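Work through these exercises with the sequence and the model at hand. Each task is followed by a stepwise solution.

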Amino acid sequence: MSSPFYILSIDGGGYRGIFSAHILRRMEEAWNIDWHKQFNMIAGTSTGSIIAAGLASGVSAVQLSDFYKAHGKSIFTRRLRSRFDLLKIFTSRYSGKTLHTLLEEVLGATTLGDVRIPLIIPAVDIGNGCVHVFKSKYADDFIRDPGVKLSDAVLASCSAPTYFDPYFVDDKYQLVDGGLWANNPSMVAVIDALYRLKVPLADIRVLSIGTGKSKTFYPRSAGKWRDLLIRSWQGWGYATRWQRSKLLDLILNLQSDTAHNMLCLLFKESPLDPKRVLRLTFESESCLPMDAVCHGNDWITRADHCFTHHSPGLRQFLNLNGGTQ
């Protein structure tokens, strides 16, 4: 019987990536995991690409968790402009310069060609209207990305519409957040393992880590004035509370759920009780803004609870021996 082919997949979700990073930190501290030995492929979208690229290039989960704690506020600092500044109509909420500088400090000059493990980072090419998937050089016919710096690939994948401006890579590709089509990159990784690496489907195991999901987005009843307005005009305006950030988060959540469900069905398993996909995330009764750094400690607590609850099953899933919780 062949050995399992393990894939680590990490969702996008802005600052909620601290949830994913802390779960991986707990795994690293409890079981002294060597990420390159434990996982045969790593995939991450948007904030998940920060973690995926870090682990793939030798950065510890502890360091990545500390990265979120130390730099969340500086990354999500609104642009300086007046309340009535017309520039806010044309610019994104945050500048990507701080994030880019911090990514370069963590990832250095490492390129995708330097990464020794299969790594996948989804993005979107808005110039050509197509997907753009960064990959380390685990296939001989990968000729576009080997010279691309990890920090550039990650920033492109993190450039969520309305939050950060599009990012140009190699002065050719105008890229934005891969979460628009692959917020949960588990399906992308599995398909590439099947197609590029010829891994039998029966051998693949996926640890899929999400960043939380809100149960409530647009309730039908929320006050007489709003009900009256919605009945008279089903628009997308701010007055009807179809807020851009909330809508984007809904799209990302739907994509994550769909990818997970389709992957389980590909494995011919129920999404409610899969055996070859272990999905770790949480649900919330309130909205989960991607830039709410003030909730960081809450999401760390969620991650701690998630790890504690799933620890026995996680060890069994990964076939880990020894170590203590």
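**Exercise 1.** Why does Ile191 count as partly exposed?

Solution. The model is predicted: local features need pLDDT of at least 70, side-chain atom pairs count only at pLDDT 80 or more, and totals for chains, interfaces and linings use all residues. Residues are numbered from 1 along each chain as its sequence is written, and side-chain values use heavy atoms, without hydrogens or water.
- Step 1: buried means under 20% relative accessible area, exposed over 50%, and partly exposed in between (1.4 Å probe, protein chains only).
- Step 2: Ile191 has 41% relative accessibility, so it counts as partly exposed.
- Step 3: Helices (H or I, at least four residues) and strands (E, at least two) are DSSP runs, numbered from the N terminus.

**Exercise 2.** Describe helix 4 (residues 61–75).

Solution. 
- Step 1: count 15 residues.
- Step 2: take the span from first to last C-alpha. Helix 4 reaches 19 Å, close to the 21 Å expected at 1.5 Å a residue. The expected span is 1.5 Å times one less than the number of residues.
- Step 3: look for a bend. A kink of about 35° is centred on Lys69. The bend is the angle between axes fitted to the seven residues ending at a residue and the seven starting there.
- Step 4: list the buried residues of helix 4. They are Ala61, Leu64, Ser65, Phe67, Tyr68, Gly72 and Ile75.
- Step 5: find the cover. It includes helix 1 (17–31), helix 2 (35–38), helix 3 (47–56) and helix 6 (97–107).

**Exercise 3.** Which residue forms a salt bridge with Arg25?

Solution. 
- Step 1: apply the rule, a side-chain nitrogen of Lys or Arg within 4 Å of a carboxyl oxygen of Asp or Glu.
- Step 2: the partner is Asp66, with the closest N and O atoms 2.8 Å apart.
- Step 3: locate the pair. Arg25 lies in helix 1 and Asp66 in helix 4, so the bridge ties together parts 41 residues apart in sequence.
- Step 4: Arg25 is buried at 13%; Asp66 is partly exposed at 33%.

**Exercise 4.** What does Asp192 pair with in a salt bridge?

Solution. 
- Step 1: Asp192 bridges to Lys135, the closest N and O atoms being 2.9 Å apart.
- Step 2: Asp192 lies in helix 9 and Lys135 in strand 4, so parts 57 residues apart in sequence are tied together.
- Step 3: Asp192 is buried at 8% relative accessible area. Lys135 is buried at 13%.

How values were computed:
Contact = heavy atoms within 4.5 Å.
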